[in-house]
Amino acid sequence: MVTLSQLAEKLNLSYQGDGDIQLRKVATLASAGANDISFLSNRSYLKELKHSQAAAVILHPDLSEQFLGNKLISDEPYVTFAKVANYFAEQNSPQQTGIHPQAYIDPSAQIAEDVSIGAFSVIGPDVVIGRASRIASRVTIEANAVIGHDCDIRSGVVIEQACHLGQRVTLHAGVVIGADGFGLARSANKWIKIPQTGRVIIGDDCSIGANTTIDRGAIEDTVLEDDVHLDNQIQIGHNVHIGAHTVIAGCAAVAGSAKIGRNCLIGGGAGVVGHITVCDGVTIQAMALVTKDIKHPGIYGSVAPLQDNKNWRKTAVRIKQLDELTRRVQKLERNKDD
Amino acid sequence: MVTLSQLAEKLNLSYQGDGDIQLRKVATLASAGANDISFLSNRSYLKELKHSQAAAVILHPDLSEQFLGNKLISDEPYVTFAKVANYFAEQNSPQQTGIHPQAYIDPSAQIAEDVSIGAFSVIGPDVVIGRASRIASRVTIEANAVIGHDCDIRSGVVIEQACHLGQRVTLHAGVVIGADGFGLARSANKWIKIPQTGRVIIGDDCSIGANTTIDRGAIEDTVLEDDVHLDNQIQIGHNVHIGAHTVIAGCAAVAGSAKIGRNCLIGGGAGVVGHITVCDGVTIQAMALVTKDIKHPGIYGSVAPLQDNKNWRKTAVRIKQLDELTRRVQKLERNKDD
Amino acid sequence: MVTLSQLAEKLNLSYQGDGDIQLRKVATLASAGANDISFLSNRSYLKELKHSQAAAVILHPDLSEQFLGNKLISDEPYVTFAKVANYFAEQNSPQQTGIHPQAYIDPSAQIAEDVSIGAFSVIGPDVVIGRASRIASRVTIEANAVIGHDCDIRSGVVIEQACHLGQRVTLHAGVVIGADGFGLARSANKWIKIPQTGRVIIGDDCSIGANTTIDRGAIEDTVLEDDVHLDNQIQIGHNVHIGAHTVIAGCAAVAGSAKIGRNCLIGGGAGVVGHITVCDGVTIQAMALVTKDIKHPGIYGSVAPLQDNKNWRKTAVRIKQLDELTRRVQKLERNKDD
């Protein structure tokens with residue numbers, strides 16, 4: 001429990017109403033009850049604000065008159081909500097539980113203090129794990145990998161040999177870091193594998209979603225700079241470089257040797273083909289395919305709008321005829337000029 | 001082994017031919033031999049029916065004259081085939097094998113009778129597992145999760161804290177239930193994680209395909225109603241709600257807070273963007289992208305037809321010129337009117 | 001270490017320059033230093049060739065005059081590079097480490113000589129593993145599966161019952177072989193599962209990327225012929241058949257009962273719908289969707305080109321109007337004829 005006035009002081013914000021009211025957790029406007037703090041960051045929820053039973057609401061100063069109850073005033077209500085939610089989450093965060101007797105840790109591994117390691121995890125030779133990192137159950141960390149401090153590695157993760165994680169990196173369940181990149185040379189009658197001898201290097205404060213895969217470099221390294229966030233089921237090919245603060249939504253894929261700039265937003269299911277460069281500050285819409293370098297910041301898309309099947313079938317036929325249609329229009333234009 | 005007449009009686013159907021013939025397993029029309037029962041549910045296989053060596057065939061009454069051998073008559077041949085195949089599968093189903101000595105089970109977990117748990121599985125504090133559920137090898141079930149009775153949890157699955165599974169739920173290998181949703185607030189110079197404190201709630205009779213991921217809710221829960229079936233490699237974002245009897249094919253993705261109705265069919269690789277609502281009874285074609293609410297049942301698509309590269313290159317150029325082409329047609333129309 | 005002349009002799013190639021120079025590893029043209037061998041297979045790197053510090057470079061005879069240093073001459077520089085890289089990789093390959101005391105191996109399993117099995121792996125009843133195969137940590141191989149010799153099975157893999165792998169097969173981390181295919185029959189009020197009783201059969205010299213899933217057949221088998229290579233996060237449905245030497249890039253999906261020919265290249269994120277046939281020698285571009293049989297070798301695509309949002313929004317509107325636009329052009333043409 002924390003009071004509204006304590007929370008305001010902690011976050012260096014002002015509040016209005018009863019500063020002594022006790023707050024226990026965050027909740028949505030619609031579901032909040034006594035001891036819950038909620039927030040409004042999107043005007044489309046204004047109607048819910050009016051009826052909210054929240055003990056307090058985080059509001060932009062321009063909207064503070066829209067709610068009669070207790071409020072915490074913030075120019076960035078969503079960022080403040082994130083901070084408040086993190087405050088409560090830390091109160092309830094699990095205790096470090098030490099090293100489970102059924103983990104296997106190679107004697108040459110260097111495990112810093114306050115590290116926890118769950119049951120049936122495997123820590124290979126010469127692995128280094130920094131202070132206060134939490135390794136859940138059933139994690140494999142292979143030889144010579146380096147994990148920074150305060151990392152959070154969830155169940156089922158595999159980190160292959162010699163990969164590096166910075167500080168405060170989260171890998172969600174099922175992530176695979178450092179599998180071989182997809183490198184094949186075609187000889188006369190079969191494919192020959194190119195050994196993948198680079199590493200994966202992940203900067204500080206990154207998070208990687210469940211079952212996402214990041215391949216090791218072919219010769220040099222695959223690199224994520226600091227504060228990069230990947231959602232679930234993403235595929236990052238070998239030698240890819242992703243700039244700081246870039247965020248990628250679920251099921252997107254970046255093919256080998258592509259270079260993504262800083263502060264990019266890549267939509268769900270989008271694709272970036274190999275060996276191209278996307279500059280800083282680019283937004284790619286969901287399921288779009290990037291096939292050429294992008295040299296100017298901005299928003300890019302390529303996916304046709306959804307139609308009901310009757311109309312879509314007509315459209316699809318017409319798309320195939322589009323070159324012919326264009327030529328017919330050219331002919332009409334020429335005739336007109338005659 | 002079962003005879004044709006026994007099978008007919010069990011399913012309350014009629015048969016024609018030798019009721020004493022022994023049946024041992026299901027097979028395709030083309031591969032079936034003595035003691036195999038096959039089925040015809042798709043008229044395009046009529047040719048194979050004529051030459052089938054099956055001991056018996058499940059047939060619609062309208063087609064029963066197309067086959068001279070023994071037959072089981074059903075208005076729904078595919079449903080009957082499913083029931084027959086399940087009958088044989090149950091005969092051969094693996095024995096419950098009890099709790100493997102190399103599983104780790106927290107002393108506070110409540111494990112009902114007839115539960116089996118495989119080697120190197122981890123059952124966390126206060127987990128509840130219902131009667132006759134089978135937990136394979138190398139499964140992690142975290143604190144406070146609740147698993148119904150008769151569930152089937154395959155190898156490598158991770159179920160994170162406090163998630164709920166109903167009765168008779170199947171999770172295939174590599175599924176991750178309850179990883180953190182992708183919630184980030186952008187502050188001045190970096191992303192701040194929004195703690196994800198909701199759960200995943202899965203109804204009765206659901207099945208989830210290999211390596212599919214379902215994220216926990218941000219504040220409230222991610223919900224799958226009863227009889228929802230997801231194929232492999234699917235991503236379900238936080239706070240999504242999926243109605244009963246909906247089926248989603250492989251590699252599809254549903255972004256955060258989207259609401260999918262009942263009895264929907266979502267094609268392989270299709271995408272649904274966040275915060276939209278799809279009504280009951282909607283079919284989305286493979287690889288289509290849903291970007292707006294759908295308010296009427298029906299079939300929807302958006303993917304251009306495949307063309308060979310020579311033609312597709314022309315089409316692609318023309319698509320980019322489409323707005324200009326439309327304006328040229330407008331000009332021709334105006335000229336004509338002059 | 002190996003000298004340039006030794007390497008040339010081993011590969012039956014000629015060299016130019018100092019045959020006694022010592023080579024220790026492969027490197028890119030830009031990063032290579034003393035004792036590194038590099039290669040040029042793509043003319044776009046010619047500029048880097050001129051400034052390369054590599055001890056030797058693998059070059060096509062037509063380009064040998066472009067580099068003044070030591071060179072290994074090859075008609076197929078990339079294939080030669082692959083062979084050289086494999087030579088160095090084998091020098092550094094990990095020792096077989098035997099069977100970890102914390103693996104669980106059913107007494108009925110048949111493990112050939114020189115097999116290694118990592119910690120917390122589970123080998124089920126009657127499994128057969130061939131000579132010199134390496135099973136990493138935390139792998140599950142279920143009853144009656146057969147693994148050939150010299151296979152490489154990485155951490156977290158699941159191979160379900162009765163599946164077969166040929167010789168020299170690599171399964172990267174998180175792969176699931178033999179999960180149930182997605183087979184459901186719709187009865188009046190709910191879905192009935194079709195038991196999946198086929199297997200997955202994988203030929204010799206195949207490789208399967210991280211977190212890729214290959215479902216077992218419904219009745220018959222899902223088959224990959226020899227020398228098939230799948231990248232990460234791919235989904236292969238039940239009863240699919242993939243011909244020899246076919247290569248599929250990341251995040252692609254092949255739906256149930258599709259048949260892909262030999263020597264095909266399927267691009268990243270591409271989709272193939274169920275029950276269709278793609279002939280030998282077909283290339284499918286990234287994110288294209290194959291909805292009909294392909295009967296002629298060639299390159300096929302269907303994805304619209306990326307545009308900036310302002311232009312794309314116009315294009316998207318026009319695509320929906322395309323049938324109407326075509327009719328307007330038809331009307332203009334008729335009017336002209338009047």
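Start with one residue: is Asn239(C) buried or exposed? Asn239(C) counts as buried, with 26 C-beta neighbours inside 10 Å. The cut-offs are these: a residue is buried if 20 or more other C-beta atoms lie within 10 Å of its own, exposed if 12 or fewer, and partly exposed in between, with C-beta atoms placed from the backbone.

Two words on the ground rules. This is a predicted model, where local features need pLDDT of at least 70, side-chain atom pairs count only at pLDDT 80 or more, and totals for chains, interfaces and linings use all residues. Residues are numbered from 1 along each chain as its sequence is written, while chains are lettered from A and ligands numbered from 1 in the order in which they are written.

Back to Asn239(C). Asn239(C) sits in the loop between strand S28 (235-236) and strand S29 (241-242) of chain C. Helices (H or I, at least four residues) and strands (E, at least two) are DSSP runs, numbered from the N terminus. The phi angle of Asn239(C) is near 70°, a positive value in a residue other than glycine.

Asp227(B) is buried, with 23 other C-beta atoms within 10 Å.

Now look at Gly98(A). Gly98(A) is exposed, with 11 other C-beta atoms within 10 Å. You will find Gly98(A) in the loop between helix H3 (77-91) and strand S8 (104-105) of chain A. Gly98(A) and Val115(A) are 17 residues apart in sequence, and 6.4 Å apart in space, C-alpha to C-alpha.

Next, the core. A nonpolar core is a set of buried Ala, Val, Leu, Ile, Met, Phe, Trp, Tyr and Cys residues joined through C-beta atoms within 7 Å. The largest one has 246 residues. Ala288 and Val290 of chains A, B and C have the most contacts inside it. Take Val290(B). Setting aside neighbours within four places in sequence, Val290(B) is in contact with Leu306(A), and in chain B with Gly271(B), Val272(B), Val273(B), Ile276(B), Val278(B) and Ile284(B). Contact here is between two residues whose C-beta atoms, placed from the backbone, lie within 7 Å.

On to the sheets. Strands of a sheet pair through backbone hydrogen bonds, either parallel or antiparallel. We call two strands paired if DSSP finds at least two bridges between them. One open sheet has 11 strands with mixed pairing, in the order S10(A)-S13(A)-S16(A)-S19(A)-S24(A)-S27(A)-S30(A)-S33(A)-S36(A)-S38(A)-S39(C). Its edge strands are S10 (116-117) of chain A and S39 of chain C, each pairing on one side only. Inside that sheet, S19(A) (170-171) and S24(A) (207-208) are parallel, over two bridges. There, Leu171(A) has Ile208(A) as its bridge partner. Where the chains meet, S38(A) and S39(C) (307-308) pair in the antiparallel sense over two bridges. Gly301(A) is partnered by Gln307(C).

Chains B and C have such a link too. Two bridges join S39(B) (307-308) to S38(C), and those strands run antiparallel. Gln307(B) stands opposite Gly301(C). Within chain C, S36(C) (282-284) and S38(C) pair in the parallel sense over three bridges. Ile284(C) stands opposite Tyr300(C) there.

How many residues of chain C are in contact with chain B? The count is 56 residues of chain C against 59 residues of chain B. H5(C) gives the most to the chain C side, with five residues. By class, that side has 28 nonpolar, 19 polar and nine charged residues. For those classes, Ala, Val, Leu, Ile, Met, Phe, Trp, Tyr, Cys and Pro count as nonpolar, Asp, Glu, Lys and Arg as charged, and the others, Gly among them, as polar.

Last stop, helix H4 of chain B, residues 309-320. H4(B) has 12 residues and reaches 17 Å from first C-alpha to last, close to the 16 Å expected at 1.5 Å a residue. That expected span is 1.5 Å times one less than the number of residues. Which residues of H4(B) are buried? They are Trp312(B), Thr315(B), Ala316(B) and Ile319(B). These cover an arc of only 100° around the axis, so they lie on the same side of H4(B). The arc is that of the directions from the helix axis to the C-beta atoms.
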